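Okay, thanks for coming, everyone. Let me put the model up on the screen and then walk you through a few spots in it.

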Amino acid sequence: MNGSLVFSALSLTKITNPPKRVLKVMRREDISEEGTPRYEYFRGVEGDVVLDMTDMRGIEDMGDRLKVLPGTPWSDVMKYSVETFGLMEASVGGSVAFSDAGFGFNEFGPISRRVEVEAMLSGQTYVGEYRGGVILSVTLRKDPRPLEYRKLERDFEFLIRRVRYWFSYSLPPFRDVTVIKNGDKATLYVAYPKSREALLSEKLEGMTPTSPYSFELGNYRFRYFGELRTESLSGTQFPDAEKICLFVRKDVTRFVVLSSTPLDFPQGVVLYPYSTEGRTDLFQGCILCGRCVSVCPHGQQRGNKDYTPLGFFIASVNGREEEYANCHMCGKCDEVCPAKLDIVGRLKGKAKLRSHEIDVVLNFPAKKVILLTPISRELKKELVDVLNLLSSLGMKLGVLTLNVPLEKLVKGELELSLPQEVEQIYTLTPEEAYYLVQLRSRRVMDVSFLYDELPEPLKKSVTDKRVHRPCFYKGRTKGEEKCSFALLELVNGEPTSTPSVGAEITLCPLAGKKLGIPSYLDVITPSTEGKQGARGVSDEILRTFKEREKVMKDMEWYEGLDDTLIQDYVRGLLRGVLKGKGVGDLISLYLGLGDLFKSSEEEWLLKIIEEEVRREIMN
Ligand code: SF4
Ligand code: SF4
């Protein structure tokens with residue numbers, strides 16, 4: 001199911017039971033049964049079966065007309081010169097279905113009377129003026145004649161008197177007359193074809209040229225849509241409203257009124273049913289704009305829009321938001337939310353994430369270190385490859401592990417304590433860098449900085465490819481941005497099929513494993529150096545022990561008398577072997593000591609090998 005909770009919200013102050021079924025509609029063939037269409041999230045009507053048409057978006061330019069799919073917002077249409085348009089945040093289908101007033105003309109009333117639709121009614125498709133049913137596309141005419149725009153800024157009451165006067169005699173030959181009040185500032189806008197200028201000269205007196213204007217719903221918690229008779233227009237009909245848009249027409253003026261507190265309207269003002277009702281906004285400041293829905297990887301991971309901030313805030317009405325909070329806190333929603341809600345902060349307060357631990361302890365501090373966390377616990381081969389590459393470039397790095405509960409790292413609930421000498425931290429994944437930066441820790445960056453250090457041919461081996469750019473990557477490289485779900489799976493334990501990305505490599509090694517494509521680290525680091533190297537070094541140690549077997553046996557005579565003699569001898573042998581070995585191979589050896597030397601070796605000998613490998617790494 002593609003999100004039923006999100007369609008239970010019918011307006012900012014009205015909620016109903018979630019529909020029984022939601023059908024996602026991207027084209028006509030997807031409509032397998034009758035249902036109630038939803039073209040946008042902020043207004044709708046109740047229905048047991050909802051047709052989710054919010055993602056049915058697209059514009060086909062047909063020369064003098066545009067064919068627009070119903071979920072397309074007007075903001076996408078604006079770059080074409082259309083003869084009428086609606087509220088920027090509203091969908092084209094929603095504006096027709098709800099009979100919105102349009103900008104751009106005044107000879108006609110609502111948008112639905114000015115456009116042609118292809119729609120389905122009782123199983124039959126029809127083309128023409130909208131008369132109900134499911135809208136499949138809307139055809140808008142382009143404006144062949146460029147319009148002139150003028151404006152006049154005055155007191156709201158003054159402007160209302162002026163337009164009421166204009167319309168009291170006959171239809172003024174403008175294409176549009178709109179009054180917008182924003183706080184204390186009121187502006188009258190008019191639009192007309194140049195050819196009519198002579199007819200309008202008297203009315204245009206005192207007005208100044210302006211550009212086409214639009215009106216946004218913004219983040220007001222109370223929205224009123226309605227109409228009143230133009231002859232009875234007066235400023236007192238909209239007490240305390242913060243923002244007003246009046247589409248002045250011959251007989252009837254339609255309006256949008258926005259406020260952060262509930263308003264009462266006097267008699268004679270008709271409110272449409274999709275106006276906010278009641279006196280309480282339900283969704284903790286969420287204005288149901290749905291912008292977070294299209295960017296949210298969590299909703300995509302679950303294949304359900306309920307698992308987005310929109311669903312989270314709607315669920316909060318019944319105190320059930322915990323069920324929808326378990327994401328990886330990427331913050332993409334915060335970036336697009338027009339209501340400026342601290343979404344991630346609220347998610348953190350409700351999320352219950354899984355905790356993973358890292359299974360090794362690496363404690364090799366240095367000025368610059370690579371930090372492994374529970375997120376990169378499966379990336380030990382990559383760690384070794386990076387260390388090998390960096391040491392071949394003359395850079396020496398230490399390695400530390402941060403064994404903290406994953407949940408605390410993701411939610412930023414840690415006090416990070418690192419050895420004093422650490423000045424710079426590198427992480428193998430962009431995710432870790434992102435979380436550590438949130439902790440305001442010392443300088444952190446993910447190892448994609450390696451790019452800049454590389455010789456040109458190696459750089460090209462990455463830039464020549466189609467790149468996947470993961471959610472948390474903040475660097476300059478462009479690429480296809482699609483969540484691999486790798487980290488989401490780690491934090492919420494929700495198994496996910498592998499999303500298809502049209503990329504050959506990814507900038508995140510974690511994503512690479514999930515997507516089954518190499519990461520840029522795989523491309524630029526010498527392959528298989530790590531494990532092979534460790535095996536090579538361990539073989540060399542064993543060979544050396546074998547060659548000196550007799551001496552070592554002989555020294556066993558001193559056992560219990562002077563154990564240091566044989567220990568010092570073994571240390572000397574080990575130092576001879578380990579000297580000059582690459583740090584990557586040494587770390588790989590350190591990580592694999594248990595496997596490489598098996599239990600046949602005596603405990604004291606294993607301990608000395610570990611100490612000497614460690615000593616050589618620190619050198
Ligand atoms: S933080 Fe990211 S995954 Fe979580 S709700 Fe926001 S956009 Fe979705
Ligand atoms: S959380 Fe913000 S972006 Fe998402 S629907 Fe609500 S207001 Fe819009």
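Predicted model: local features only at pLDDT ≥ 70, side-chain atom pairs only at ≥ 80, totals over all residues.

Let's begin with ligand 2. How many residues surround ligand 2? There are 15, and the closest are Cys 286, Cys 289, Cys 292, Pro 309 and Cys 337. Two elements give two or more residues to that shell, namely helix H5, residues 291-295, and helix H7, residues 309-315. H7 has the largest share, with three residues. If you sort the shell around ligand 2 by class, you get 13 nonpolar residues, one polar and one charged.

Okay, next up is Gln 300, which sits in helix H6, residues 297-302. Is Gln 300 buried or exposed? It's buried, because 20 other C-beta atoms lie within 10 Å, and 20 is where the cut-off for buried starts. Look also at Lys 482: it is 182 residues from Gln 300 along the chain, yet the C-alpha atoms of the two are separated by 9.6 Å.

Now helix H23, residues 603-618. I like to check helix geometry by hand. With 16 residues at 1.5 Å a residue, H23 should span 22 Å, and its end C-alpha atoms are 23 Å apart, so the two agree. Which residues of H23 are buried? Those are Ile 609, Val 613 and Ile 617. Looking down the axis of H23, the buried residues fall within an arc of 70°, so they line one face of the helix.

Last stop, the strands, with E13, residues 185-193, as our reference. E13 pairs with strand E11, residues 147-154, in the antiparallel sense over eight bridges. For an example of a bridge there, take Glu 148, whose partner in E13 is Tyr 192. Then there's strand E12, residues 176-182, which runs antiparallel to E13 and is joined to it by seven bridges. Here Val 177 has Val 190 in E13 as its bridge partner. What do E12 and E13 form? They form a hairpin, with two residues between the strands. In that turn, Gly 183 has a positive phi of about 65°.

That's my tour, so over to you for questions.

Methods:
Residues numbered from 1 in each chain as written. Chains lettered and ligands numbered in written order. Near = placed C-beta within 6 Å. Helix = DSSP H or I, 4+ residues; strand = E, 2+ residues; numbered from the N terminus. Nonpolar A, V, L, I, M, F, W, Y, C, P; charged D, E, K, R; others polar. Expected span 1.5 Å × (residues − 1). Buried ≥ 20, exposed ≤ 12 C-beta atoms within 10 Å, placed from the backbone. Arc of directions from axis to C-beta. Pairing = 2+ DSSP bridges.
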